[in-house]
Amino acid sequence: MLITCPYCGPRDVIEFTYQGDGNRERPQPASQDLDAWNAYVYDRLNPAGDHNEIWQHSGGCRAHLRVVRNTITHEILSTAFARGGHKSADNKAESRS
Amino acid sequence: MAEYSAFSLLKNALAGNKDWKPAWRKPDPKASYDVIVIGGGGHGLSTAYYLAKEHGITNVAVLEKGWLGSGNVGRNTTAVRSNYLLPQNTRFYEHSMKLWENLSHDLNYNVMFSQRGCLNLAHTPAQLDDYARRGNAMRHLGVDAELMSVDQIKRLVPALDVSGSARFPVLGGLMQPRAGTARHDAVAWGYARGADRRGVDIIENCEVTGFLRDGGRITGVSTTRGEIRAKKVALAVAGSTGHVMQLAGISHMPIESHVLQAFVSESLKPIVDTVLTFGMGHFYISQSDKGGLVYGGDLDGYNSYAQRGSLPIVDEVMSEMLALFPGLARVRMLRSWGGLCDMTMDGSPIVTTGPLPGMYLNCGWCYGGFKATPASGWCFAYTIAKDEPHEFNAPFTLDRFYRGLIIDDKGQGANPRLH
């Protein structure tokens, strides 16, 4: 599986660290909403299909990436910086798992 | 008289083997049942078996989307053990071990349970201390455990590199002598036949596509073979729990689905007669009765429903094998495959009533599903029949994550790929 990093281009999956479900919302640090904290820490969207997830290019530029990947085919549909989203990768040369 | 016996084998051999009954029928689904079990794998079949045997509930259907045992019960590396640290896990898996010890007799079906032991290798003094602690915890609860020295390990597994020049020298190990392996397909077939003979309908090629409701209550399922109603609907679809729960309208669970690969080598003369685990990575190996080495390692590490993995893990697993057994460098790998694991947030399973009225949930088996098969079905059947958990599965609730009652044997935190 290749992931196209917006900085570094297509790189092997072993350079990346998986950080899971990208839909989770971290409550404000001062929040005392236990349900919101529980949901953030423990609940995951776990679809069979397109999955919005966070990866870190830990063996490269160390950027955190937002990746949309199909969990049935392992095809990567889009890659962008997790924060800001100001640069997306060109995903044409995309991966085979 | 037992259906399989020396006498019945001889009689059928003389009669040309024409009189054997199929091990289970192929019934069409009825309009309704007392209990529907979704998932015709090891856990679903053992649940149906114990519902019939222990609780007299025989108006039961097991729905399987593919063929019987096509999921994880036929994809695991067959190890059976109960060498846990935390008492909740130890009690549950030791109950499973006791059921395993009598399973072939109970089912009248040879599951080839072989108590060849399971040895965890330690490679640092701290790890050996940790194993001593876990061994003591096990013995406190009546489970067998022995700390082994390097000399003892060398005698037990002569092929293992125990020299000081090994990449990760072996300093000792923790052995559970009653652990071992079982023939995984036979477990599925034995439970299927046992359930079928007691009146359970096993319905293959029947995929659940939705849930029927009456108000908030689950009253049945819609399937590729029509609607089926039931007083109780039980899920045992490990690997696909996230997907099936979404059909029931529950989008979020404390679970991620991951792919775990397994490998078999070409057949060799006997070389490892125990289940061996590597302590400096994640690797486990045993040898099947046919001679093939059966081994595996870590998850691929990202959400997947693909039942196949990718090459980096293959490379890692082979490297770990060679760190232990340099002499196996030229052995050829015969087959590899992947299975789907429900990875929970604490590495322990969920066996509970709910979360919806009329629903019962059995999932989250992480790596440990195969060895749990008998106790999982036994406890789940109890939970379905009595509408409350048995003491062995009472800790494995769905809401434990939100109540501070997690059961995290490895202390990894809410990071499923590390359990």
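Q: Which strands does helix α9 of chain B lie across?
A: This is a predicted model, and in it helix α9 of chain B, residues 311-324, lies across β13, β14 (275-278), β15 (283-287), β16 and β17 of chain B.

Q: And at what angle does α9 run to β16(B)?
A: Helix α9 of chain B runs at about 135 degrees to β16(B).

Q: OK, what is the strand order in the open sheet of chain B?
A: The open sheet has 8 strands in the order β5-β6-β4-β14-β15-β16-β13-β17 (chain B), and the pairing is mixed. Its edge strands are β5 (146-148) and β17 (333-344) of chain B, each of which pairs on one side only, and from one strand to the next the twist averages 25 degrees.

Q: How many bridges join β13 to β16 in chain B?
A: Strand β13 (residues 255-267) and strand β16 (residues 292-303) of chain B run antiparallel and are joined by 6 bridges; as for an individual pairing, B:H258 has B:N303 in β16(B) as its bridge partner.

Q: Switching to helices: at what angle do α2 and α7 of chain B pack?
A: Helix α2 (residues 42-55) and helix α7 (residues 184-197) of chain B pack at an angle of about 30 degrees, with their axes 8 Å apart. Angles under 35 degrees count as roughly parallel, and α2(B) and α7(B) are therefore roughly parallel to each other.

Q: Is that crossing of α2(B) and α7(B) left-handed or right-handed?
A: The crossing of α2(B) and α7(B) is left-handed.

Q: Which residues meet there, between α2(B) and α7(B)?
A: From α2(B) the residues are B:G42, B:L45, B:S46, B:A48, B:Y49 and B:A52, and they meet B:V187, B:A188, B:Y191, B:A192, B:G194 and B:A195 of α7(B). By type, the residues of this contact of α2(B) with α7(B) divide into 9 nonpolar, 3 polar and no charged.

Q: Now the two chains: how many residues does the contact take from chain A and from chain B?
A: The contact takes 20 residues from chain A and 23 residues from chain B.

Q: Which element supplies the largest share on the side of chain A?
A: That is α1(A), with 3 residues, while β3 (17-21), α1 (34-42), β4 (44-45) and β5 (50-56) of chain A each supply at least two residues of the side that touches chain B. The residues of that side of chain A divide into 10 nonpolar, 7 polar and 3 charged.

Q: And which strand of chain B pairs with β4(A)?
A: Strand β12 (residues 252-253) of chain B pairs with β4(A) in the antiparallel sense over 2 bridges, and the bridge partner of A:R44 in β12(B) is B:M253.

Terms used
Residues numbered from 1 in each chain as written. Chains lettered and ligands numbered in written order. Predicted model: local features only at pLDDT ≥ 70, side-chain atom pairs only at ≥ 80, totals over all residues. Axes fitted to C-alpha atoms, helices over the stretch in contact; angles between N-to-C directions. Helix = DSSP H or I, 4+ residues; strand = E, 2+ residues; numbered from the N terminus. Parallel < 35°, antiparallel > 145°, perpendicular 65-115°, else oblique. Left-handed = near helix turned anticlockwise from the far one by under 90°. Contact = placed C-beta atoms within 7 Å. Nonpolar A, V, L, I, M, F, W, Y, C, P; charged D, E, K, R; others polar. Pairing = 2+ DSSP bridges.
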